[in-house]
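Work through the following exercises with the sequence and the model side by side. Try each task on your own before you read its solution.

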Amino acid sequence: MPAVQSDAPVRLTNADARRLFLERHGLAEDPSKRLKAPELQALIERLGFVQVDSINTVARAHDLILFSRRQCYRPKHLKSLLEKERSLFEHWTHDAAIIPTRFYPYWNMRFARYEARLKEQWRKWRRDGFEEKFDDILAHIGEHGPAMSREMGEGEEKTNGGWWDWHPSKTALEYLWRTGQLAVCRREGFQKVYDLAERVIGDEHRGQAPQEAETIDWACASALDRLGFATSGEIAAFWDVVTPAEAKAWCAERLGKDLVTVALETADGRSHKVFARPDLAEQVQAASDAPRRIRVLSPFDPLIRDRKRAERLFGFNYRIEVFVPAHKRKYGYYVFPLLEGDRLIGRVDMKCRRDAGVLDVAALWPEPKVRLGRGRIDRLEAELERIRRFTGCERIAFADGWIRAPW
């Protein structure tokens with residue numbers, strides 16, 4: 001790749017971009033490497049965060065994200081860091097996520113911004129009365145210890161209305177968590193258990209209060225360093241701590257000093273303007289090639305979380321169809337992308353029937369131009385066997401005609 005030029009954008013080939021992006025996301029290393037507590041902590045810090053999601057057709061999103069990078073990962077490893085070591089905490093980035101606790105001080109700006117915004121929004125969207133519950137909830141948890149939403153709100157009408165119909169105490173719990181007064185100390189049956197933040201987050205983290213300018217600089221710089229190259233919009237969206245306007249101003253201020261303009265070659269051969277560090281060529285050169293083995297990715301994997309970015313880099317159009325009516329789905333309810341080396345080669349529809357101990361593989365859709373020779377099928381079946389063992393299933397069952405023609 002050519003050296004950085006001051007008078008023209010650096011050109012970043014598609015192959016180099018994929019190589020660097022995979023390296024930044026922990027997918028260019030040998031997934032059979034050991035993973036003890038320090039390595040797991042380091043991996044999550046390298047990624048920045050791991051998204052949490054409730055759907056468990058095969059494994060929870062956060063568990064599959066980590067397993068795809070280290071096959072010896074087990075959920076108990078993460079639980080220990082979260083609930084015992086407290087070196088990780090749960091809060092929001094673009095969605096619910098597990099985040100290194102040393103980043104907690106930078107969430108103060110988010111807490112402050114949530115405080116005003118959520119009150120205004122939730123007064124319109126939620127049931128009345130949630131603000132009146134704040135003091136009672138804080139006093140109850142302070143005296144009686146951690147609590148779940150189902151344990152609060154005695155006498156309040158509780159329905160199955162889902163996201164849009166929380167009872168007032170549930171809304172109050174979420175508000176107090178999102179504004180930093182409460183923290184999630186653990187989950188039971190995937191339900192949040194809330195406690196006072198001072199009982200969960202160490203004083204060394206809670207006692208820091210970076211200024212807004214410092215937080216914006218940290219959020220933008222750390223996002224770019226994890227992405228390798230990005231638009232200002234992608235930088236803002238990474239942590240979802242700063243606004244697009246703040247990220248755009250940050251890039252403009254540093255362009256020509258800490259940043260250079262890059263002409264990124266997309267999967268379809270077009271050019272896309274992004275920003276990167278001046279030592280981009282050295283970063284690419286230092287990145288390792290991804291292993292050839294096939295890996296199953298979570299639909300919420302950091303590699304594809306930004307669907308537009310994934311399509312630009314890999315030519316892979318992925319949309320989750322959980323909320324699409326069954327008869328309108330193109331692939332399936334919860335379909336897993338397949339990564340082979342530096343290519344996304346297809347998607348697989350599968351589900352664990354835990355009561356029967358079976359990993360059901362319903363369908364495989366290879367991407368156009370991906371040939372399914374014996375070697376590739378063997379690599380896929382080896383990965384499915386690793387998934388089987390990880391989930392505790394006893395066997396794999398393939399549906400008749402499970403290999404489908406690409407669309």
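Predicted model: local features only at pLDDT ≥ 70, side-chain atom pairs only at ≥ 80, totals over all residues.

**Exercise 1.** How many cavities of 30 Å³ or more does the structure hold, and into which classes do the residues lining the largest cavity divide?

Solution. The structure holds five cavities of 30 Å³ or more, and the largest cavity has a volume of about 90 Å³. Its lining is made by Phe21, His25, Phe49, Leu227, Glu234, Phe238, Pro302, Leu303, Arg305, Asp306 and Arg309. When these residues of the largest cavity are divided by class, six are nonpolar, one is polar and four are charged.

**Exercise 2.** At roughly what angle do the axes of helix α6 and helix α7 cross, and which residues make the contact?

Solution. Two packed helices are described by the angle between their axes and by the distance between the axes. For helix α6 (residues 134–144) and helix α7 (residues 168–178), the axes come within 9 Å and cross at roughly 75 degrees. Angles of 65 to 115 degrees count as roughly perpendicular, and α6 and α7 are therefore roughly perpendicular to each other. On the α6 side, the contact is made by Phe134, Ile137, Leu138 and Ile141, while α7 supplies Ser169, Ala172, Leu173, Tyr175 and Leu176. Sorted by class, the contact of α6 with α7 has eight nonpolar residues, one polar and no charged ones.

**Exercise 3.** In what order do the strands of the open sheet of three strands lie, and which are the edge strands?

Solution. The order in this open sheet is β1-β7-β8, and the pairing is mixed. The edge strands, each of which pairs on one side only, are β1 (10–12) and β8 (271–276). From one strand to the next, the twist averages 35 degrees. Looking at one pair in detail, strand β7 (residues 260–265) and β8 pair in the antiparallel sense over six bridges.

Key. Residues numbered from 1 in each chain as written. Heavy atoms only, no water. 1 Å grid on protein atoms, 1.4 Å probe; cavity = no way out; pocket = protein on both sides within 12 Å on 5 of 7 lines; lining within 4 Å. Points joined across faces, edges and corners; volume = space filled by probe spheres on them. Nonpolar A, V, L, I, M, F, W, Y, C, P; charged D, E, K, R; others polar. Axes fitted to C-alpha atoms, helices over the stretch in contact; angles between N-to-C directions. Helix = DSSP H or I, 4+ residues; strand = E, 2+ residues; numbered from the N terminus. Parallel < 35°, antiparallel > 145°, perpendicular 65-115°, else oblique. Contact = heavy atoms within 4.5 Å. Pairing = 2+ DSSP bridges.
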